[in-house]
Amino acid sequence: MERKRISLATPTMHGEEIGFVQEAFDKNWIAPLGFNCDAFEEEMTSYLSQGLNEKYHTLALCSGSAALHLAYKLAGVKRGDIVFCSDMTFAATVNPVSYEGGVQVFIDSERDTWNMSPEALEKAFEKYPQTKVVALAHLYGTPSKMDEILDICARHNAILVEDAAESLSATYKGRETGTFGKYNAISFNGNKIITTSGGGMLITAEKSARDKAFFWATQAREKAAWYQHEEIGYNYRMSNVVAGIGRGQLLHLEEHRAAKEKIYRRYAEGLKDLPVSMNPYLPYTKPNFWLSCMLIGKGVKISPMEVMEKLNAANIETRPIWKPMHMQPVFKAHDCVCVEKKSVGEDVFARGLCLPSDIKMTEEEQSFVIEQIKNCF
Ligand SMILES: *Cc1c(COP(=O)(O)O)cnc(C)c1O
């Protein structure tokens with residue numbers, strides 16, 4: 001019997017989602033905005049503000065990319081402004097900087113979390129002291145070195161934008177990622193830890209910023225009886241239908257995180273005799289383990305692409321690590337600031353591979369994946 005394909009990460013629905021969606025149908029509220037959007041925002045606000053003095057404001061949007069775009073607008077990115085960006089990340093972190101005419105300068109990763117290196121960030125401020133915005137992604141659900149990054153941003157008077165698209169429910173010293181920056185984004189794309197099929201959210205402690213983002217996201221309609229416009233707007237709101245999916249998913253966020261962690265630990269155990277390591281994290285952080293990744297040891301004569309091909313032949317989906325932005329043709333003219341002789345991002349990209357992390361994967365299926373990986377060495 002042919003094995004069914006083992007996927008990297010696919011949506012996991014539970015049943016409550018369809019109830020909230022049905023309610024939207026029953027009330028014929030098939031539109032952007034509406035009661036599911038309002039409730040989803042409130043529920044996310046209470047989730048993110050747990051244990052904090054500040055209450056976070058949230059804005060449900062059509063994608064994480066839209067949330068990042070509005071975050072950069074709020075941060076005041078204008079034509080020609082440099083923005084320091086995580087180098088090893090998905091393009092969606094950095095593309096919206098270009099929508100505003102900003103110029104990305106990439107900051108290399110460090111080895112302890114694969115996220116933005118504080119040393120490289122400090123060095124970048126020496127080179128480009130006028131920079132006012134830092135865009136930081138928490139890769140694969142692993143929290144970055146927040147104390148160091150926040151300290152550097154504060155000393156240089158820079159605004160931090162957190163791209164927590166992959167890291168919802170991951171915490172740094174007990175605090176949720178997505179609540180450290182001034183303007184932050186999460187994603188509910190289909191492959192993320194919870195999904196709305198497609199969607200995102202802007203997170204900020206500033207009520208006025210949330211209101212301004214709402215204004216831009218709804219075509220910048222001024223308060224008037226007729227359609228009055230004094231600024232360029234966007235159609236970025238989340239639909240009331242998909243917000244229902246999000247409400248149902250949020251009920252299972254912790255359960256998803258726990259299942260992801262189990263998968264990571266089983267890989268760590270199953271691969272411990274091979275010359276590989278797992279994607280690293282700091283002991284005082286709690287990743288959400290969105291994707292488990294392995295890093296092949298230096299000098300080992302097998303490439304991630306060979307492993308990927310062999311696993312694919314066994315009907316197992318894997319993915320390369322995000323290819324660093326400074327290696328992308330579209331950004332070839334952009335600077336990348338490193339502290340090591342060679343870029344850490346390039347090294348991780350050359351030796352790393354994302355492994356199946358679907359929470360519906362059975363233990364038996366994961367053992368099969370582990371066996372197949374072992375056969376490669
Ligand atoms: C998924 C993702 C995004 C974009 O989210 P969308 O909802 O797909 O627009 C942004 N940044 C990172 C790091 C992501 O993984």
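Guide: Let us begin with the ligand: one of its nitrogen atoms lies 2.7 Å from a polar side-chain atom of D163. The model is predicted: local features need pLDDT of at least 70, side-chain atom pairs count only at pLDDT 80 or more, and totals for chains, interfaces and linings use all residues. Residues are numbered from 1 along each chain as its sequence is written, and side-chain values use heavy atoms, with hydrogens and water left out.

Visitor: How much of the ligand does the protein bury?

Guide: The protein buries 92% of the 380 Å² that the ligand exposes when taken alone; such areas come from the Shrake-Rupley method with a 1.4 Å probe.

Visitor: Which residues come nearest to the ligand?

Guide: They are S65, D163, E166, S187 and K192, out of 15 residues around the ligand. A residue is counted there if one of its heavy atoms lies within 4 Å of the molecule. α3 gives the largest share of this shell, three residues.

Visitor: How do you know which pocket holds the ligand?

Guide: A molecule sits in a pocket if more than half of its atoms lie within 2 Å of the pocket's grid points. The ligand takes the space of the second largest pocket.

Visitor: Why is that space called a pocket and not a cavity?

Guide: Both are found on a 1 Å grid over the protein atoms alone. In a cavity a 1.4 Å probe fits but cannot get out, whereas a pocket is an open set with protein on both sides within 12 Å along at least five of seven lines. The ligand's space is listed as a pocket, so the open case applies.

Visitor: What lines the second largest pocket?

Guide: Its lining has 19 residues, with F90, A92, A165, S187 and K192 nearest its centre; a lining residue has an atom within 4 Å of a point. α3 (64-74) and α4 (91-99) each supply at least two of the lining residues. These helices are DSSP runs (H or I, at least four residues), numbered from the N terminus.

Note on methods
Polar contact = N/O pair within 3.5 Å; in protein donor to acceptor, adjacent residues only side chain to side chain.
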